[in-house]
Amino acid sequence: MMELKLFKKTIGEFLIAKGFSKKGTFYYLIFQDIIIAIGLQKSNFSNGYYVNIGYIISELNQNRLTPRDVDGDIRARFGIEVEGKRADLFDLDTLSEDKLKSTLEENIKRYVDSLTSVEKLRLLLQENPVMLYQTRLVARQLLSFE
């Protein structure tokens, strides 16, 4: 079982070490034409959290200085392997600190590393077409998916 305080501290330290900055309850990685925002969402049904990620395309959001993950033109959730299956709930009742760190590392590789431009976002969507369901129409049009 993991304490909530340790869960948040571990995530915060991990993201800061990866170059994110923290403002309020959100973490940001800012590039010239995209902002990656990560936020935590408490589950209403269990002692767990979702780690949400939003990709904000600057061209489509010129007035947003500190967008939230839910403001993302493209949105996703970090996944975790639980008993051999992919899930998106980080259950604090069963989570260990080592499992959290290794899972964060995997998700950062998949959803953050190398995503430094709109073109890289287009490639991410080509490789993971299911993410188009969580992509706003204007973003799909900008990225030539519509």
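**Burial and basis**

Buried means under 20% relative accessible area, exposed over 50%, and partly exposed in between, with a 1.4 Å probe and protein chains only. Tyrosine 111 has 7% relative accessibility, so it counts as buried.

This is a predicted model: local features need pLDDT of at least 70, side-chain atom pairs count only at pLDDT 80 or more, and totals for chains, interfaces and linings use all residues. Residues are numbered from 1 along each chain as its sequence is written, and side-chain values use heavy atoms, with hydrogens and water left out.

**Aromatic pairs**

Rings of Phe, Tyr and Trp (its six-membered ring) pair if their centres lie within 6.5 Å; planes under 30 degrees apart are stacked, over 60 edge-to-face, and the rest tilted. The count comes to three aromatic pairs. In one of them, the ring centres of phenylalanine 7 and tyrosine 49 are 5.6 Å apart and the planes stand at 35°, so the pair is tilted. It links distant parts of the chain: phenylalanine 7 is in helix H1 (residues 4–17) and tyrosine 49 in strand S4 (residues 48–57), 42 residues apart. Helices (H or I, at least four residues) and strands (E, at least two) are DSSP runs, numbered from the N terminus. Phenylalanine 7 and tyrosine 49 are buried.

Phenylalanine 78 and tyrosine 111 have ring centres 6.1 Å apart and planes at 10°, so this pair is stacked. Phenylalanine 78 lies in the loop between strand S5 (74–77) and strand S6 (80–82), and tyrosine 111 in helix H2 (residues 97–111), so the pair ties together parts 33 residues apart in sequence. Phenylalanine 78 is at 0% relative accessibility, so it counts as buried. Phe7, Tyr49 and Phe90 form one aromatic cluster.

**Helix packing**

H1 and H2 pack at an angle of about 35°, with axes 11 Å apart. Axes are lines fitted to C-alpha atoms, for helices over the stretch in contact; angles run from 0 to 180 degrees between N-to-C directions. Contact means heavy atoms within 4.5 Å. Residues of H1 including Phe7, Ile11 and Phe14 meet residues of H2 including Leu100, Leu104 and Ile108.

**Positive phi**

Two residues stand out here. Glutamate 83 is not a glycine, yet has a positive phi of about 50°. It lies in the loop between S6 and strand S7 (85–87). Glutamate 83 is exposed, with a relative accessible area of 80%.

Serine 144, also a residue other than glycine, has a positive phi near 65°. It lies in the segment after helix H4 (137–142). At 58% relative accessibility, serine 144 counts as exposed.
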